[in-house]
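Subject: A structure to look through

Dear colleague,

Please find below the structure I promised to hand over, together with its sequence.

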Amino acid sequence: AKEQNDRGLVEGGVYIVTGGLGRIGMVLAKRLADLNCKVVLTTRSSFPDKKTWTDNNCEATEKKRNIIEQLLAMDASGAEMLVESLDITSRDAVSGLIRSTVDRFGRIDGIFHAAGLADLQYLEEMSDDISKQEFQPKVYGLLNIQNAVESLPVDQAPKFVMLFSSMASILGGYGMTAYAAANRFMDSFVYSLHSDSATKWICVN
């Protein structure tokens, strides 16, 4: 039987972290690795195949090499860390991620949606392109995750999806017009959901 700790995480559980190579994502990864979890970290940029991580000639920037070293240390501690490069705004890509994770591990215990982009601009400097870039991971990425999760049988679906919003959705901030709006959408999305869903949706600011 799967055992949960006092924070609702499953020892040896299966988790997905979008924006997994960012600051918040790596903190989550380390915490899940402490529980010997199987963790799929997503990134919008390309990342070396895991088979090459230990190769001396692995082509990676210094930043990516540092991440690889951290992931290898987590693997060595008993966790299983995977990195998937994908476009979170693509419905097909997100559905494929959810399905491949279930096919590999049999289930998903939880999803942490930490993908996001903040391009701070004053209102007169805003453009449709800037707004779109900030809305894509927070709004369209979220809707894609919902679509994919709702397609899963109950025994394979995550027990929770945690959305990482921001205090900007409440307090605003200089240059945060689109960013605040995108995060406000996440807050409102969770507030509007019915409580009878098999998956618990949580939003943290």
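Helix H2 (residues 62–76) lies across strand E2 (38–43) and E3, and runs at about 145° to E3. Here helices (H or I, at least four residues) and strands (E, at least two) are DSSP runs, numbered from the N terminus, while an angle, from 0 to 180 degrees, is taken between the N-to-C directions of axes, which are lines fitted to C-alpha atoms, for helices over the stretch in contact. Please keep in mind that this is a predicted model, in which local features need pLDDT of at least 70 and side-chain atom pairs count only at pLDDT 80 or more, whereas totals for chains, interfaces and linings use all residues. Residues are numbered from 1 along each chain as its sequence is written, and side-chain values use heavy atoms, with hydrogens and water left out.

The buried residues of H2 are Ile 67, Ile 68, Leu 71 and Met 74, where buried means under 20% relative accessible area, exposed over 50%, and partly exposed in between (1.4 Å probe, protein chains only). These four cover an arc of only 120° around the axis, which puts them on the same side of H2; the arc is that of the directions from the helix axis to the C-beta atoms. An α-helix has 3.6 residues a turn, so residues three or four places apart point the same way. Among the elements that cover the buried residues of H2 are helix H1 (23–34), E2 and E3, with contact meaning heavy atoms within 4.5 Å. The face turned away from the buried side of H2 carries the exposed residues Glu 62 and Ala 76. Just after H2 comes Gly 78, with a positive phi of about 120°.

**The sheet**

The six strands form an open sheet in the order E3-E2-E1-E4-E5-E6, with parallel pairing; two strands pair if DSSP finds at least two bridges between them. Strand E3 (80–85) and E6 stand at the edges, each with a single partner strand, so one side of each is left without a neighbour in the sheet. From one strand to the next, the twist averages 15°.

Is strand E5 (residues 160–164) largely enclosed or left open by the rest of the structure? Five of its five residues are buried, so E5 is largely enclosed. Phe 160, Met 162 and Phe 164 point one way from E5, and Val 161 and Leu 163 point the other way. Strand E4 (residues 110–113) runs parallel to E5 and is joined to it by four bridges, in which Ile 111 has Val 161 as its partner. E5 also pairs in the parallel sense with strand E6 (residues 200–204), over five bridges, and there Met 162 is partnered by Ile 202.

**Thr 18**

Strand E1 (residues 14–18) pairs with E4 in the parallel sense over four bridges, and Val 17 stands opposite Phe 112 in E4. Thr 18 is also found in E1, and at 2% relative accessibility Thr 18 counts as buried. The side chains of Thr 18 and His 113 are joined by a polar contact of 2.6 Å, a term for a pair of N or O atoms within 3.5 Å; within protein, one must be able to donate a hydrogen and the other to accept it, and residues adjacent in sequence count only if both atoms are side-chain atoms.

With best wishes
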